[in-house]
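User: I'm new to this one. Can you walk me through it, a few residues at a time?

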Amino acid sequence: MAFRTFSGRFLAGLALTGFMLAAAGCQSGDNGILNLGIGKKEDPTAPPPPQDPKILASQLQAYCPRVTVRDGTAFFNTYSREAQKPKPRIKKTGDAAQDAAAQAETDAAAATPPDESANIIYQASVSDVTRDCSRANGQLTMKIAVAGKIVPGPKFSPGTITMPIRTAVMHGTEVLYSQLHQYQVQVTDPSVATQFVFTDSNVVVPEPTAQDYQAFAGYDETAHQATADKPKKTRRKRAAATN
């Protein structure tokens with residue numbers, strides 16, 4: 001009888017001990033020694049993961065590509081074409097080493113670019129760019145404005161000057177719009193800088209579906225030089241036929 005009573009108390013104590021350990025494990029959280037990672041829940045106070053930003057329709061409608069000036073297109077200089085001096089001739093002395101040294105010195109002097117500051121006609125620069133956008137019929141129309149100034153140089157003469165200004169819009173590597181403008185400005189006073197504002201109001205491109213257009217404005221000296229160096233075509237008169 002005593003054995004049964006002891007066994008019953010032992011089993012009841014063992015059951016109570018197991019319940020207490022289980023309760024302690026449930027209350028220990030992530031740091032409990034009995035936590036096996038089963039049924040782990042996320043912290044309800046933790047902030048939600050960031051989501052990719054979405055462009056609203058109103059934001060896209062208000063989007064107007066920003067105009068930038070590329071490196072090397074903010075300045076444009078013109079120079080007078082002076083007559084080039086003929087290359088000096090080397091007098092041969094008969095000494096091969098001395099003649100070679102003299103020739104090398106002459107070649108080095110010819111390779112050094114001359115100082116062109118005295119031959120500058122004028123210097124033009126871009127000081128600011130801006131734009132304005134409107135939409136209609138699935139197209140985006142931009143007005144790109146370029147503000148700058150013209151500084152006359154030593155070889156300047158009052159009159160009309162022509163500056164090559166290019167405006168362009170790109171979508172990645174795709175050229176949506178590109179136009180070279182031969183913009184003319186009247187400069188009458190060679191002692192002061194002349195301000196100018198150029199506007200291209202005919203920039204029309206497909207309406208963007210994302211904010212990924214790029215607009216550019218600046219001087220295109222390469223295209224201007226190619227146009228200036230292009231040889232003029234001459235027509236030959238045909239000789240009158242004689243019988």
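User: Where does A145 lie?
Analyst: A145 lies in strand β4, residues 139-152. Helices (H or I, at least four residues) and strands (E, at least two) are DSSP runs, numbered from the N terminus.

User: Before we go on, what kind of model is this?
Analyst: This is a predicted model, where local features need pLDDT of at least 70, side-chain atom pairs count only at pLDDT 80 or more, and totals for chains, interfaces and linings use all residues. Residues are numbered from 1 along each chain as its sequence is written, and side-chain values use heavy atoms, with hydrogens and water left out.

User: Back to A145. Buried or exposed?
Analyst: A145 is buried, because its relative accessible area is 18%. Buried means under 20% relative accessible area, exposed means over 50%, and partly exposed is in between (1.4 Å probe, protein chains only).

User: What does A145 touch?
Analyst: Leave out residues up to four places away in sequence. Then A145 touches D128, V129, T130, F198 and T199. Contact means heavy atoms within 4.5 Å. A145 and F198 are 53 residues apart along the chain, yet their C-alpha atoms are separated by 5.6 Å.

User: Which strands make up the open sheet?
Analyst: The open sheet has four strands in the order β2-β3-β4-β7, with antiparallel pairing. Its edge strands are β2 (75-79) and β7 (194-206), and each pairs on one side only. The twist averages 25 degrees from one strand to the next. For angles, axes are lines fitted to C-alpha atoms, for helices over the stretch in contact, and angles run from 0 to 180 degrees between N-to-C directions.

User: What holds paired strands together in general?
Analyst: Strands of a sheet pair through backbone hydrogen bonds, either parallel or antiparallel. Here, two strands count as paired if DSSP finds at least two bridges between them.

User: How many bridges are there between β2 and β3?
Analyst: β2 and β3 (residues 120-136) pair in the antiparallel sense over five bridges. N77 stands opposite Q123 in β3.

User: New topic. Why is β8 largely enclosed?
Analyst: Five of the six residues of β8 (residues 214-219) are buried, so the strand is largely enclosed by the rest of the structure.

User: Which strands pair with β8?
Analyst: β1 (residues 67-68) pairs with β8 in the parallel sense over two bridges. There, T68 stands opposite F216. Six bridges join β5 (residues 159-171) to β8, and these two run antiparallel. R166 has G218 as its bridge partner in β8.

User: What about T167?
Analyst: T167 lies in β5. It counts as buried, at 0% relative accessibility. Its side chain makes a polar contact with the side chain of H181, at 3.2 Å. A polar contact is a pair of N or O atoms within 3.5 Å; within protein, one must be able to donate a hydrogen and the other to accept it, and residues adjacent in sequence count only if both atoms are side-chain atoms. Leaving aside neighbours within four places in sequence, T167 also has contacts that include I144, Y177, F198 and F216.

User: F216 again. Which charged end sits over its ring?
Analyst: The charged end of R70 does, 3.9 Å from the ring centre. A charge sits over a ring if NZ of Lys or CZ of Arg is within 6 Å of the ring centre and within 35 degrees of the ring normal.

User: And Q184, buried or exposed?
Analyst: Q184 is exposed, with a relative accessible area of 53%. It lies in β6. Q184 touches T160, I161 and T162, not counting residues up to four places away in sequence. The C-alpha atoms of Q184 and I161 are separated by 5.5 Å.

User: Last one. How many helices and strands are in the chain?
Analyst: The chain has four helices and eight strands. Of its 243 residues, 24% count as buried.
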